[in-house]
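Student: I have a structure open and would like to learn how to read a few of its features. Where do we begin?

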Amino acid sequence: MDRMTTELYIKNMVCPRCVMAVKEILEQQGWQPIKVELGKAVIPGSPTPEQTEAIKNALGTVGFSLLSDRTQRTVEHIKTLIIEAVGQGQAVKLATLLADRLHTDYSSLSRTFSMRTGMTIERFYILQRIERVKELLRNGELTISEIALKLNYSSVQHLSKQFRTVTGMTPSQFKIDCERKRWSIDKII
């Protein structure tokens, strides 16, 4: 017998710590999550409207939002997939990745994303990559060449040009001026 489950779509989950925090919040609310991943949690049963509101409020206290609107869930799923791909340094073709994972044609996803966020999917992807470059530069463990390779840039020059376009400085200048504040990846849009 299949037991009934409920999928909760959650905004602002961007890292493994977010997954742990959401799992803990759900447990505190009396739920034993079956699965928690970036942007989504699966719980057994079907919460009442009051229980859903309690989950929503508990998530809100630490900066998460429970999504009920299908379009917003799609946008958040796109963001999550891009954040995961960038974080793992995957060489991906966005159109293929998103269409395959979301079972929707890319042009429809692109239109939805742009209408909701005011930004193209490609621009969001570039901004995520640049934030990852900043993080790696701050850590100081990799050279710019190693970062370009790790993040699948075609060349160091391509990384440098894109970095300069977004930040107004070269990666080398940024590395010297690490006082520059990094954007929180959930604040890019």
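**Reading burial, helices and cysteines**

Tutor: Glutamine 162 is buried, with a relative accessible area of 14%. Keep in mind that this is a predicted model.

Student: Where is glutamine 162 found, and which residues is it in contact with, leaving aside its neighbours within four places in sequence?

Tutor: Glutamine 162 belongs to helix 8, residues 156–167. With those neighbours left aside, glutamine 162 contacts Ile126, Arg129, Ile130 and Tyr153.

Student: How do I read a helix?

Tutor: An α-helix has 3.6 residues a turn, so residues three or four places apart point the same way. Take helix 3, residues 70–87, as a case. Its 18 residues reach 25 Å from the first C-alpha to the last, close to the 26 Å expected at 1.5 Å a residue.

Student: Which residues of helix 3 are buried, and what covers them?

Tutor: Among the buried residues of helix 3 are Val75, Ile78, Lys79, Ile82 and Val86. Their cover includes strand 1 (5–11), strand 4 (65–67), helix 4 (94–102), helix 5 (106–117) and helix 6 (121–139). Just after helix 3, glycine 89 has a positive phi of about 65 degrees.

Student: How many disulfides are there?

Tutor: The test is whether two cysteine sulfur atoms lie within 2.5 Å. By this rule the count is zero. The sulfur of cysteine 15 has its closest cysteine sulfur in cysteine 18, at 3.4 Å, so the pair is too far apart for a bond.

Student: Are these two cysteines buried or exposed?

Tutor: Cysteine 15 is buried, at a relative accessible area of 17%, and cysteine 18 is buried at 10%.

Technical notes:
Residues are numbered from 1 along each chain as its sequence is written. This is a predicted model: local features need pLDDT of at least 70, side-chain atom pairs count only at pLDDT 80 or more; totals for chains, interfaces and linings use all residues. Side-chain values use heavy atoms; hydrogens and water are left out. Helices (H or I, at least four residues) and strands (E, at least two) are DSSP runs, numbered from the N terminus. The expected span of a helix is 1.5 Å times one less than its number of residues. Buried means under 20% relative accessible area, exposed over 50%, partly exposed in between (1.4 Å probe, protein chains only). Contact means heavy atoms within 4.5 Å.
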